[in-house]
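Please keep the sequence and the coordinates at hand while reading.

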Amino acid sequence: MAQRTRIPLSVPAFLGREAEYVQECIETGWVSSKGRFVRDFEALFARLHDHGAAVSTGSGTAALHTALAELGVGAGDEVIVPALTFIATVNPVRYVGATPVFADVDPTTMTIDPAQVAGLVSPRTKAIVVVHLYGQPVDLDPILALGIPVIEDATEALGSAYKDRLCGTIGEIGCFSFNGNKVITTGGGGMLLTRDTDRLEHMRYLTLQAREPGSVEYLHGEVGFNYVLSNLQAALGLAQLEGLQDRLERKRAIHERYVEGLRGLPGIRVVTEPEWARSNFWLNSILVDPAVYGADREEVAARLDAEDIDTRPFFHPIHQLAPYREFARGPLPVSELLHDQGISLPSSPTLAPEDQARVIDVLRG
Ligand SMILES: *Cc1c(COP(=O)(O)O)cnc(C)c1O
């Protein structure tokens, strides 16, 4: 029998000039926080988003922390967040000493439900962090209409768009991540966007230990962070970003094959984009209705695993996790249901159609 290789969930793909750029870092000695790739990566990132500038960070979590600090969020403030997300959306709220207020998500988009958000606003609400979960854009207009600063956690949504506006460019501040399995990777890294240039440069200052520029002295005007991206990471990032369009096309083709291949399969819903949005299909996901499908998502994962196929359960609702139970105000049924039914399927940009057909065949039984 022919050797069958395991199909991973999502692995980085190096399809461009990554090796050449990293080699240049080593040859020139510019491997740390200064060098041309940091500038070039930021510049290309900004240009792709129709912005004049962007600020790179050491991670997506660092970008979110910097954004909250920039908005002056602190002790006594409330920040509305979705319950269904990766914990790194919420931890920075605690880093600045504020209180997370969990909103449920919409069953169709899986992202924060605007009606819920409206009901949670209080005089202490200082910011709303929305998450374009698995690349699916949030319905932002009703949330923006509340008039409270919105931070977009666009860490999973590079290249996604809400009503023709790219995710991460719509709220007050947009935060991106380039960790190992995101749409593009720098090994680890992140980016900040905002239209307000003073704000952007102040965030740059915060990520650089708040060291006063233009002096040889070590003068620091605030408590800053060491949140910079290295030139080595930015070299990877630039090469990856140059291939973004190709990557997005590959992800969409994968999505279309799942939609086609799983069409009409009772009890399986392929999560897809609403008509007003464009997803990057970072992780293609399905919802398994056990009563109809005849197996729950854990059994589905076990069956796929037995066939050497990796999957991933949806994030655990944050209000049910140990560090956040004290902030829970009651059940959030949609987040909890989606967690029970959601599973992400192999979505690497290099996923071969014949491997994807194997995934579909196992699901079809
Ligand atoms: C990946 C991710 C982050 C954090 O990004 P890192 O670069 O891993 O720190 C934050 N929020 C969400 C929703 C993520 O998926």
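The side chain of E336 reaches the backbone nitrogen of L332 at 2.8 Å, a polar contact in the sense of a pair of N or O atoms within 3.5 Å, where within protein one must be able to donate a hydrogen and the other to accept it, and residues adjacent in sequence count only if both atoms are side-chain atoms. The model is a predicted one, in which local features need pLDDT of at least 70 and side-chain atom pairs count only at pLDDT 80 or more, whereas totals for chains, interfaces and linings use all residues. Residues are numbered from 1 along each chain as its sequence is written, and side-chain values use heavy atoms, with hydrogens and water left out.

E336 belongs to helix α12, residues 333-341; helices (H or I, at least four residues) and strands (E, at least two) are DSSP runs numbered from the N terminus. E336 is buried but has no salt bridge, and R325, the nearest side chain of opposite charge, is 11 Å away. Here buried denotes under 20% relative accessible area, exposed over 50%, and partly exposed the range in between, with a 1.4 Å probe and protein chains only. A salt bridge requires a side-chain nitrogen of Lys or Arg within 4 Å of a carboxyl oxygen of Asp or Glu; Lys and Arg count as positive and Asp and Glu as negative, while His and the chain ends are not counted. Apart from residues up to four places away in sequence, E336 touches P317, H319, Q320 and P331, contact being defined as heavy atoms within 4.5 Å.

When neighbours within four places in sequence are left aside, K182 is in contact with T155, E156, S177 and W282.

Helix α1 (residues 18-28) shows how a helix can be sided. Its buried residues are E18, Y21 and C25. These residues lie on the same side of α1 because they cover an arc of only 80° around the axis, the arc being that of the directions from the helix axis to the C-beta atoms. In general, an α-helix has 3.6 residues a turn, so residues three or four places apart point the same way. The buried residues of α1 pack against α2 (36-48), α8 (231-242) and α9 (244-262), whereas the face turned away from the buried side carries the exposed residues A19, I26 and E27. Just after α1, G29 takes a positive phi of about 85°.

Positive phi also occurs in residues other than glycine. D50, in the loop between α2 and β1 (55-57), has a phi near 60° and is exposed, with a relative accessible area of 62%. Y134, in the loop between β4 (125-131) and α6 (141-144), has a phi of about 55° but counts as buried at 2% relative accessibility.

Turning to the whole, the protein has 13 helices and 14 strands. Its radius of gyration is 21 Å, close to the 21 Å that the globule rule gives for 365 residues, so the protein is as compact as a globular protein of that length; the radius is taken over C-alpha atoms, and the rule is 2.2 Å times the number of residues to the power 0.38. Buried residues make up 54% of the 365 residues.
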